[in-house]
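User: I am new to this structure and would like a short tour of it. Could we begin with the charged pairs?

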Amino acid sequence: MDVTAVVLTVGDEPAPRAIASLRRQTLLPQRVLTVADVTPFHRALNRGAEQVRTTFFVQVDSDMVLDSTCVAELRSRVSDGVVVVAAPLRDPLMGMVMGVKIFRTECFEALPMRDTISPDTDFCRDLREAGWFTVYAVRPGSRSHPTTHTLGEHSPAYTPAYTYATHYVLGARYRYRGDLALLAGHLRNLSASRHPAAPIARAALGHGAFLERAAGLPKDQVSPEGLELLRSLSRRAIGAPIADQEVLAPLTMPVAQLLAEACRLGTVIAEHGSGNSLRRAMDVLARCEHPLAWVAEMGIHHGLLARRGVRGEDIERVAALIPSADRWPRRGHDGRLAAATGL
């Protein structure tokens, strides 16, 4: 057997479930290595790769529970020139997320993962520039789950703190990569999610997109102030909610002005401490068919959570990445933005 499993775990995350799922594989890993309490992510994965003695290894986060055929299916898709195979996982908040990966160990010897805000995508780009390739593994869905192309579950404990920190960092990664289609799709998926953590995830994702950072940001370094504000607003149902027209008015403006006005609305909601207004604004934008409604949502969340105030240069940098409404993909038949699934 030429595959090792590298399990990454921090603190009290449920690593035993991940390890138990590895022991049920139809293709058993030769060895299971655990990298505990090493952050940020790039450092933990490099540390694990240094200990691998097989040709390939599967990266397994401690909150993953793999299907029994996962390792076999990933291994079967590795061919000449391919150094990474990735597959999606089922997720209770998002439906599906990426994902579990198998790596060719030698690629870490030549190109260790760098310290960036989006280390996994930058790593795949570095490999591609070196002449190596990443492929994505999917399989046909079953009769009972015809649209499920997944190889396991991503099942973290979606506590408020975990949800906020994770999605704040994700928002920063989308901004860093200029991946606005995927950010829009992520916000739309969260607006449709019935998971109780979805409102916190939406706010943190929109706020994080304004973060100007190139190096990695460990989740435990994310300030809890924004989360505390969201919690306080969720407990306060005072005053009349914001008028629908006030929420929709920025959508008639150019992108930079749209963002600035949305940020202003978010600041007003924070100052008044009105959970009613925040919920109403998010409901209105979730139902809105305008292709840049997600931009207004992102601006409101940033204005709400930017405790230092909203800076004009932040708005200008984000606005420069966003096309005008007439050039943005229209929604697909399911109400989500077309071409924004990320899978």
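Analyst: A salt bridge here is a side-chain nitrogen of Lys or Arg within 4 Å of a carboxyl oxygen of Asp or Glu. This is a predicted model, in which local features need pLDDT of at least 70, side-chain atom pairs count only at pLDDT 80 or more, and totals for chains, interfaces and linings use all residues. Residues are numbered from 1 along each chain as its sequence is written, and side-chain values use heavy atoms, with hydrogens and water left out.

User: How many salt bridges does the count come to?

Analyst: The count comes to 15 salt bridges. One of them joins the side chains of E153 and R90, at 3.8 Å from N to O.

User: Which strands hold E153 and R90?

Analyst: E153 lies in strand β8 (residues 152-154) and R90 in strand β5 (residues 82-91), so the pair ties together parts that are 63 residues apart in sequence. Strands are DSSP runs of E with at least two residues, helices are runs of H or I with at least four, and both are numbered from the N terminus.

User: Turning to helices, how do α6 and α7 cross?

Analyst: The axes of α6 (residues 160-177) and α7 (residues 180-192) come within 9 Å and cross at roughly 150 degrees. Axes are lines fitted to C-alpha atoms, for helices over the stretch in contact, and angles run from 0 to 180 degrees between N-to-C directions. The two helices are therefore roughly antiparallel, a label for angles over 145 degrees.

User: Which residues of α6 and α7 meet?

Analyst: From α6, H167, L170, Y174 and R177 meet L182, L183, H186 and L190 of α7, where contact means heavy atoms within 4.5 Å.

User: Where is G99, and what is the peptide bond from M98 to G99?

Analyst: G99 is found in strand β6 (residues 95-104). The peptide bond from M98 to G99 is cis, with omega near -20 degrees.

Definitions and conventions: Parallel < 35°, antiparallel > 145°, perpendicular 65-115°, else oblique.
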